[in-house]
Amino acid sequence: FTRPAYTADDYAEGVLAGNRAVLGRAITLMESNAPKHIDMAQQVLQRLLPHSGKAIRVGITGVPGVGKSSFIEKFGCYLLEQGHKVAVLAVDPSSSISGGSILGDKTRMEQLSRDSRCFIRPSPAGTTLGGVARKTRESMLVCEAAGFDVMLIETVGVGQSETAVRSMVDFFLLLMLSGAGDELQGIKKGIMELADALVITKADGDNRLRAKTAQGEYERAMHYLQPATEGWTSHAFTCSALTGEGIPEIWGVIKKFRQITQASGVFEQHRRDQNVKWVHEMINDQLHERFIRHAGVKSIIAGIERQVADGVLPAVAATQRLLAAFDGLEA
Ligand code: GDP
């Protein structure tokens, strides 16, 4: 049994009608690396693009164990109660190594995953961050066209993936633990500068007071940072996915953010910049991909790398030789 081949119109119509089966297939198409699928995926996206873009896109990051999935479960359910349709997507470049993504895993968002107003998709597989991020971004556009109006894009706060997610969302939320040790301080500043809000998780029981203290400390620390978004001052908050305390306030902050940045034009300008930047990132990725697959480059690169490592060939000369090979010139 083979499924009848969908045309680009079939995909687009199904997605726009909110047909979940078609939505799932359309996203599978976006995630495919097969050349024939890439072409079809672009045709589908072309049709859907005019219908996408209406959602608020929220990135959520934090170290493993901070409570991302618990937060998304609680926050997502709250959004559904408020009448929203929520899509949860993920960027996890390590999923291809570990053989499965722990992000966006439905078993960790039990209540949310059972609700038909919510769509959850684990991280696509991929060998490069650029590849994974591209797939998630395109899936996001498809979900928007399907009528989901809040996008929650989850990523682990341990590498470059938060920068990739930052560049595809409007609002970036950093989840933090109270009493985080010194080992975390190193990554904090760089990531904190990307955050439109910082949330101390697990503010319940014995930990509630500690979380409030941490909130004050972070609030002071953030005072010295560049704003993540022009015209917006990032603040620290606390919340509990257990009790739900703080959850409505965080949605309030996101709504206020949208209101302020839409009024100032920053919201729209960000999206425009993100779109253009996206094109350049994909060109970088694809050129590099072509470069390392190029037969002429392949035949000489190992030798050149060895000479550079041995210190007998300067890096600049090596680069020139490799690029000349790529250009099909004799070097
Ligand atoms: P993730 O790895 O960032 O997705 O973190 P999880 O959502 O899986 O949470 C890690 C652990 O912290 C789990 O054992 C959760 O039960 C616990 N946890 C998450 N949120 C809360 C919370 O608000 N309060 C308490 N007390 N525990 C929490």
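This is a predicted model: local features need pLDDT of at least 70, side-chain atom pairs count only at pLDDT 80 or more; totals for chains, interfaces and linings use all residues.
Which loop does Lys202 lie in?

1. Lys202 sits in the loop that runs between strand S6 (197-200) and helix H10 (207-222). Have a look at its backbone: phi of Lys202 is near 60°, a positive value in a residue other than glycine. As background, most residues other than glycine have a negative phi. Lys202 also counts as buried, because it has 23 C-beta neighbours inside 10 Å and the cut-off for buried is 20 or more.

2. Next, the largest nonpolar core, which has 75 residues. The members that touch the most others are Val15, Ala26, Val58, Val142, Met151, Ile153 and Leu173. Helix H7 (residues 129-145) gives the largest share of this core, with seven residues.

3. Leu173 is a handy one to click on. Leaving aside residues up to four places away in sequence, Leu173 touches Val58, Gly59, Ile60, Ala195, Asp196, Ala197 and Val199. One of these, Val58, is also on the list of core members with the most contacts.

4. Last, a helix pair. Helix H13 (residues 295-309) packs against helix H14 (residues 315-326) at an angle of about 175°, and their axes are 9 Å apart. That angle is why H13 is described as roughly antiparallel to H14. On the H13 side you'll find Gly296, Val297, Ile300, Ile301, Ile304 and Val308, which meet Ala315, Ala318, Arg321, Leu322, Ala325 and Phe326 in H14. By class, this contact has 10 nonpolar residues, one polar and one charged.

Note on methods
Residues are numbered from 1 along each chain as its sequence is written. A nonpolar core is a set of buried Ala, Val, Leu, Ile, Met, Phe, Trp, Tyr and Cys residues joined through C-beta atoms within 7 Å. A residue is buried if 20 or more other C-beta atoms lie within 10 Å of its own, exposed if 12 or fewer, and partly exposed in between; C-beta atoms are placed from the backbone. Helices (H or I, at least four residues) and strands (E, at least two) are DSSP runs, numbered from the N terminus. Two residues are in contact if their C-beta atoms, placed from the backbone, lie within 7 Å. Axes are lines fitted to C-alpha atoms, for helices over the stretch in contact, and angles run from 0 to 180 degrees between N-to-C directions. Angles under 35 degrees count as roughly parallel, over 145 as roughly antiparallel, 65 to 115 as roughly perpendicular and the rest as oblique. Ala, Val, Leu, Ile, Met, Phe, Trp, Tyr, Cys and Pro count as nonpolar, Asp, Glu, Lys and Arg as charged, and the others, Gly among them, as polar.
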